[in-house]
Amino acid sequence: MIAGTVVEEVVRRLSDMHADAERPVLLHAPSIPATGWDYLKDCLDTGWISSAGSYVTRIEEDLAELTGAARAIATVNGTAALQVALTLAGVQPGDEVLIPSLTFVATANAVSHCGAIPHLVDVDASRLGVDPSRLDDHLRSTLNQTAVGPVNTVTGRPIRVLCVMHCLGHPVDLDGVVDVCQRHNLILVEDAAESLGSWYRDRHTGNHGVISALSFNGNKIISTGGGGAILTSDESLADRAKHLTTTGKVAHPWEFIHDEVAWNYRMPNINAALGCAQLGSLPHLLKAKRGLAERYQQVFADCEGVTFLAEPGDARSNYWLNALVLDTDLADQRDTLLKTLNEGGIQTRALWRPMHQLPMYADCPRADLSVTDDVCRRVINIPSSAHLSPIWSNQAL
Ligand SMILES: *Cc1c(COP(=O)(O)O)cnc(C)c1O
């Protein structure tokens, strides 16, 4: 099919599908249940609005139960959660940390905030997450196993940690990744910011390495306004995470004693209250988002030139952001398509500019990134709010 026709066809199908939705059709709007009002009012009535309070404890307990992690520690945002997770996984200033180049900039920034340097690796085209076999190939020629652990043969810097990211909610090949970590003596951290409600085989994402980070930013599946959380099943790391994110304060009924340099990365109670309200309706949100993804899959099944990005066969995705992948010969039509859709009130976005194409990370050590270079030109995100789903129900919230 000729390029212009594909653009028209995609625009037509998306416009028809969302014909009844209010314009603009947003990429991802939060769905906040009525209990949100009650919980917020409770915060205001009781004066518990800040960094301590029952909703902080409750969201931590709810998250642990939901994900199967032994412990969850609520934080002010996902970037802070990831910075602390990386620190507790053992990242030290001057290290290199393996991360996908295809990620939201927060992954690389969290590494930088540890005083470490991102070492960028490639993804696979079907999951958009770190590709274990390409990673293995790269590490075979890059890592030198020394008495102090793995070291980059070229730069001489230690590489202790691999941080994977579950892109758009689709879990990476975790069996493969865990295997590579064992083979090369690496510690696994998961940037699970986008994957609350996503499962790899029978385990929730964020439970496959030593520690992981979630985000509750405005556009995530659940939003506390701003917020995040650390997940771990290692009790001593969990205690350290709580201590490091709460100013290093030693428990005492009236004295202020702090025993190390730490951060104020706590999630305020009013933000936690919003999160608790939404976590209660997460099962319905996940069902609705799956229904929306299925609808997209049907609508684009026979659309020449584009493919709907479906979840991997070994995983259950939260379908945080739905995506269409343009055929290679249509990559140069992406911007025309995005312009037409956005001007027509259907909010759509390109994938992130990969890290190695950003000025501050352009000189980072890296593997071959040809898949990243290819897919980031061809993937677009399409409206993904749960309320757009054919099975959405306000009552079920
Ligand atoms: C959203 C996100 C984060 C964390 O973002 P915050 O805005 O700091 O909560 C980290 N990594 C990825 C991949 C994300 O999408």
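**Notebook: ligand site and pockets**

I began with the ligand in this predicted model. I found 15 residues around the ligand, and Thr79, Asp191, Glu194, Ser215 and Lys220 come nearest. I sorted this shell by class and got four nonpolar, eight polar and three charged residues.

An oxygen atom of the ligand lies 2.5 Å from a side-chain N or O atom of Glu194. For the side chain of Lys220, I noted an N or O atom 3.2 Å from a ligand oxygen atom. Gly78 uses its backbone instead: one of its backbone N or O atoms is 2.8 Å from an oxygen atom of the ligand.

Where does the ligand sit? I placed the ligand in the largest pocket. H4 and H5 are the elements that give two or more residues to the shell around the ligand.

The largest pocket holds about 490 Å³ of space. I counted 31 lining residues, with Phe104, Glu194, Asn219, Lys220 and Trp320 closest to the centre. Helix H4 (78-89), helix H5 (105-113), strand S10 (211-215) and strand S15 (349-350) each give two or more residues to this lining. By class, I have 14 nonpolar, 13 polar and four charged residues in the lining of the largest pocket.

Last, I looked at the second largest pocket, with about 170 Å³ of space. Its lining includes Leu66, Trp199, His204 and Arg316. Helix H10 (residues 282-299) gives the largest share of that lining, five residues. I recorded five nonpolar, three polar and three charged residues there.

Notes. Residues numbered from 1 in each chain as written. Predicted model: local features only at pLDDT ≥ 70, side-chain atom pairs only at ≥ 80, totals over all residues. Heavy atoms only, no water. 1 Å grid on protein atoms, 1.4 Å probe; cavity = no way out; pocket = protein on both sides within 12 Å on 5 of 7 lines; lining within 4 Å. Points joined across faces, edges and corners; volume = space filled by probe spheres on them. Helix = DSSP H or I, 4+ residues; strand = E, 2+ residues; numbered from the N terminus. Nonpolar A, V, L, I, M, F, W, Y, C, P; charged D, E, K, R; others polar. Near = heavy atom within 4 Å. Polar contact = N/O pair within 3.5 Å; in protein donor to acceptor, adjacent residues only side chain to side chain. Sits in = over half its atoms within 2 Å of the grid points.
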